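Hello,

I am passing this structure on to you, and I hope you enjoy looking through it.

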Amino acid sequence: MIGFHSNDSAYAAGSGDGKLVYVIPIEKEVERGLQAFLDRTTSEAVAANADHIIFELNTPGGRVDAANDIAELLQDLNIETTSFITSQALSAGSYIALNTDNIYMKPQATMGASGVINSDGTAANKKAQSAWLSAMRSAAESKGRDPLYAAAMADASVDLPEYNAGEGKYLTLGPREAVEVGYAKAVVNHRTELLNELGLNNAKIVETEVTFSEELARFFTNSTVVPILLSLASIGLIVELYSPGFGIPGSIGLVSLVLFFYGHIVAGFAGYEAIILLILGLVLIIAEIFVPGGIIGLLGVGALVGSLYMSAVDIGQMSISIAIAFVVAIITAVLMYKLIGLEKGFLRHIILNDATTTEKGYVSSVNRLELIGLEGTTVTPLRPAGTAIFNGERLDVVSEGGYIASQRPVKIMKTEGSRVVVREIDTN
């Protein structure tokens, strides 16, 4: 019998008096922020001794790693769970639904189309596809469902033409098909009918919602948003180095970093130790400006990168985000150098621009021009340097190139700073 809604539902068992039901929405993209939200709300349900948890699904899918962790969370619950698909549960969404005890669907809802793809839209490698296919089959089997249809959702080579999923197409089930293959228990129009189907129409309902901070966290931890935030931070801080004072670019850079860490802390991915390491890194980088040498600056950069990795959920994804931000920083620095140079902005304080030229009054030593033309006598041989006396003053001198014996008359020909050049006087 196809289990479409009936007021005299075969599934209803009692009125649900005294029962506690938590209703938890699963909406938008499946990602790490959603995982953190579900971890919080299911923990609240467990702490309140809830009798049932209803997950209202409307998601196009998302990250496989997040879906895997959510599935593990659902499998560990000792509370009966129901997925109520209100619109769509595609890709990772269908996998989440398969990990709940019951599935119900609205008349227009769909589930399936669960092929795993890369972030660029291309098909994942065979290893990833095999692992995902196995996970889909296991999820179906864990709740007593035929794994064939879960496999067809994830593997286009499974041939099910009777469900418009011939070879080369992923299976997507509508409500009638889902009930027919035993994946959905019934089709209901709204939550009230669902509660009646579950025998919980008089139960106490606790509706959970995504808080504003969790909504922000879901956005700022999104795998697409993270490299944008880090790139904005690098652009802002680099441009600020070329700007006089501290203004809009630096503010944008710091706000981007704050939003990155705020999202990861609220989502539960980063602790305050990551913030401490971030602050330490910034302090060391600033200290490098006043204590040049390079080591302090490198330690600061290392601390900053370390704080990002401490906040990472996926090390590989974080590495890609950091690499993108690094490339953007280099490009920005090169462009700013060509457009502005180092004579403006904060960098002007650490770049030596003055030249110690004679025109500006700088001399390395006194150039004694008054000595030119004086005659004296060598005290030591000049080979070619030595000592001579002129008007009672002993001077270090150098011959024009040849050897001059001691006690020979010489004449000062020129002076170059502390260098006094002499020539032997011919007495013949």
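A helix here is a DSSP run of H or I with at least four residues, numbered from the N terminus. Please keep in mind that this is a predicted model.

Let's start with helix H1, where Arg-40 and Glu-44 are four residues apart and so separated by about one helical turn. The two form a salt bridge, with their closest N and O atoms 2.8 Å apart. Arg-40 is partly exposed at 27% relative accessible area, and Glu-44 is partly exposed too, at 32%.

The structure holds 11 salt bridges. Another of them joins Glu-56 to Arg-191, again with 2.8 Å between the closest N and O atoms. This pair links distant parts of the chain, since Glu-56 lies in strand E2 and Arg-191 in helix H7, 135 residues apart. Glu-56 is buried, with a relative accessible area of 16%, while Arg-191 is partly exposed at 22%.

Next, have a look at helix H2 (residues 64–75). Among its buried residues are Ala-66, Ile-70 and Leu-74. Seen down the axis of H2, the buried residues fall within an arc of 160°, so they line one face of the helix. They pack against helix H1, strand E2 and helix H3.

Finally, five strands make a closed barrel in the order E9-E10-E11-E13-E12, with mixed pairing. Neighbouring strands there are turned by 55° against each other on average, direction ignored. Strands E12 and E13 pair in the antiparallel sense over six bridges, and Ile-412 stands opposite Val-422 in E13.

Best wishes

Note on methods
Residues are numbered from 1 along each chain as its sequence is written. This is a predicted model: local features need pLDDT of at least 70, side-chain atom pairs count only at pLDDT 80 or more; totals for chains, interfaces and linings use all residues. Side-chain values use heavy atoms; hydrogens and water are left out. Buried means under 20% relative accessible area, exposed over 50%, partly exposed in between (1.4 Å probe, protein chains only). Helices (H or I, at least four residues) and strands (E, at least two) are DSSP runs, numbered from the N terminus. The arc is that of the directions from the helix axis to the C-beta atoms. Contact means heavy atoms within 4.5 Å. Two strands pair if DSSP finds at least two bridges between them. Axes are lines fitted to C-alpha atoms, for helices over the stretch in contact, and angles run from 0 to 180 degrees between N-to-C directions. A salt bridge is a side-chain nitrogen of Lys or Arg within 4 Å of a carboxyl oxygen of Asp or Glu.
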